[in-house]
Amino acid sequence: MMMRNKKAILLLIMFALIFLPFEKVDADDWSGKEGGYYTVYLDNSNKVLFRISWDLNVNDQYLSHDNKMYKIIKVDKKNDKAYAKYIETVKLPNVDIEKVSQVMAQKTGERKIAMYSTHSDESYIPTDGAASIYGHGGIYKVDASLSNALSNKGIKTYVDQTLYLPHDAMAYRRSRVGALKILKNDKPDLLLDIHRDAAPYQDYIRKIAGTNATGVRLVLGRTNANLKANQDLAFRIKAIADKEYPNLVKDIFYGSGDYNQDLTPNSLLLEFGTDTHTRQRAEESAKFMADVLTKAVYGTDEKKQVGALTNTQKGTPSQNNSAGWGIWILIGVAVFSIVGFMFLSTGGREMMSKLKDATKKEFSSFLGKFNKDKK
């Protein structure tokens, strides 16, 4: 009985180490009244910087539309207020689309972008009748609009429609399993988590290229190991959007979770409008964003743009380092868990004996195959 309990405990530890984030994760969205949001002010003033329905924490950061970086220094949860101080003005990269095209022209294979929605219930009140619909909410129509627009550009898309309900602080841990599955099976160049905000209507209202649309917020998990690479991608997207479709990208928010972005360097969370907008506005913004994403990831020469990353495009050092460390951590956790499981289930001496016999057997088999090939 004691051995069974040990096995059960070890299996639970293995699951936690592999599938749950290493960092502390706070509530992933608004934790107060339904439809609530924080108003964030510039420190020592009454100037409103932005409003957001996410739960805020000290040290969260915010990049405004005009590229000014702020840091949250005080949160008044009782009165739904927060205060931020100015840090610096960020210079976005000057993205040369033609150079991106030239680099991507050397790749082989299909171009792939995958997406899912952690908050499966999110909807748009004027169109869907409610802000939250248990099941597949209106957000999946936005997923479909983005997917169709990308497909029209020759990009293969995959839309995961798995439900990750309920909409609570554990939602990202449930969607983490789905994200891992997507990365394993589809190996996309880019993985997107599609949401909508619940801030006031006027904060997101837009007219883009003469079309009624919504602003789009990019969200980064500031506690994830891939933050530098994710940020580089977000800056590239905003730089292109600011030039091609001014006002499309509203801002960039750095939240206190990781939002599964630690799983791959090319991962982002996008928020299309707010709950009081018509869904059609968000769908139109998704079409514009498809063009921006295509240019940011693949460039402009659609005939030469192909597939997943190969050795001909090595990526940035931050992407390589982040991805490399992530893989080795998972391998180390898996090996440690397997060895621990064998130790508890067989005992130390028996485990070493089995390892010795298995190693001897495999080595003999390898030598036999080697001699046969040599003859």
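## Tyr86 and its strand

In this predicted model, Y86 has its place in strand β5, which covers residues 81-89. Leaving aside its neighbours within four places in sequence, Y86 is in contact with L42, K68, M69 and Y70.

Strand β5 pairs with strand β4, which is made of residues 68-76, and the two are joined in the antiparallel sense over eight bridges. Within this pairing, K74 stands opposite Y83 in β5.

## A hairpin at the edge of the sheet

Strand β1, residues 38-42, and strand β2, residues 48-52, run antiparallel and are joined by four bridges. In this pair, Y41 stands opposite V48 of β2. The two strands form a hairpin with five residues between them, and in the turn N44 has a positive phi of about 60°.

## The sheet as a whole

How many strands form the open sheet, and in what order do they lie? The sheet has 11 strands, arranged as β2-β1-β5-β4-β3-β12-β11-β13-β8-β6-β7, and their pairing is mixed. Strands β2 and β7 are the edge strands, since each of them pairs on one side only. From one strand to the next, the twist averages 30°.

Helix α8 lies across β8, β11, β12 and β13, and runs at about 155° to β13.

With β6 it pairs in the parallel sense over four bridges, and here L191 of β8 is the bridge partner of A114. With β13 the pairing is also parallel, over six bridges, and D197 stands opposite T274 in β13.

## Helix α4 and its contact with α8

Helix α4 consists of 13 residues, which at 1.5 Å a residue should span 18 Å, and this agrees with its end C-alpha atoms, which are 18 Å apart. The residues of α4 that are buried are I139, Y140, V142, D143, S145, L146, S147, A149 and L150. These buried residues pack against strands β6, β7, β8 and β13, and also against helix α8.

Two packed helices are described by the angle between their axes and the distance between the axes. The axes of α4, residues 139-151, and α8, residues 279-297, come within 8 Å and cross at roughly 35°, and the crossing is right-handed. On the α4 side the contact is made by K141, V142, S145, L146, A149 and L150, while on the α8 side it is made by R279, A282, E283, A286, K287, M289, A290, L293 and T294. Sorted by class, this contact has nine nonpolar, two polar and four charged residues.

D203 is found in helix α6, which covers residues 201-204. With a relative accessible area of 15%, which falls under the 20% cut-off, D203 is buried. Not counting residues up to four places away in sequence, D203 touches R51 and K250. The C-alpha atoms of D203 and I52 are separated by 9.6 Å, although the two residues are 151 apart along the chain.

## The chain in overview

The protein chain has 10 helices and 13 strands, and buried residues make up 46% of its 375 residues. Among contacts between residues at least 6 apart in sequence, 74% join residues at least 24 apart.

Notes
Residues numbered from 1 in each chain as written. Predicted model: local features only at pLDDT ≥ 70, side-chain atom pairs only at ≥ 80, totals over all residues. Heavy atoms only, no water. Axes fitted to C-alpha atoms, helices over the stretch in contact; angles between N-to-C directions. Left-handed = near helix turned anticlockwise from the far one by under 90°. Contact = heavy atoms within 4.5 Å. Nonpolar A, V, L, I, M, F, W, Y, C, P; charged D, E, K, R; others polar. Expected span 1.5 Å × (residues − 1). Buried < 20%, exposed > 50% of the residue type's maximum accessible area, 1.4 Å probe, protein only. Pairing = 2+ DSSP bridges.
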